[in-house]
Amino acid sequence: MFWMEKQRLLKCAVNKEKLRGRNMSEKKRPVVFMTGAGGGMGFESFKQMLPDLGDIYDLVILVRDSEKNHNLFDAYESQKGLQIVYGDLLNKEDVEKCIS
């Protein structure tokens, strides 16, 4: 299901290659908010999205603040187009960090 959503985002772009060549700082890219990226399927979906980050869309992920998630995501902290928020989906302040 997530793969279908990614395909929908790509189809929304008139031409993927034209977008790559354009200066996207002039126009805001769509932002995808993802939860569950620390799980098995979520992490695989996250890895599938990496090649287009910062070119076609930006990604904000909310993952629990755990040693496991830090081990998975700390290497991606400087990835263009990615914001990693360590927190809890049930915590209003953590969610607001992701959507503000």
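**View A. Met34 stands opposite Ile61 in strand β2.** This is a predicted model, in which local features need pLDDT of at least 70, side-chain atom pairs count only at pLDDT 80 or more, and totals for chains, interfaces and linings use all residues. Residues are numbered from 1 along each chain as its sequence is written, and side-chain values use heavy atoms, with hydrogens and water left out. Further along, Val31 faces Asp58 of β2. Strands β1 and β2 (residues 58–63) pair in the parallel sense over 5 bridges. Pairing asks for at least two bridges found by DSSP; strands (E, at least two residues) and helices (H or I, at least four) are DSSP runs, numbered from the N terminus.

**View B. Three strands form an open sheet in the order β1-β2-β3, with parallel pairing.** Because β1 (31–35) and β3 (82–86) each have a single partner strand, one side of each is left without a neighbour in the sheet.

**View C. Side chains alternate along β1.**

Terms used: Buried < 20%, exposed > 50% of the residue type's maximum accessible area, 1.4 Å probe, protein only.
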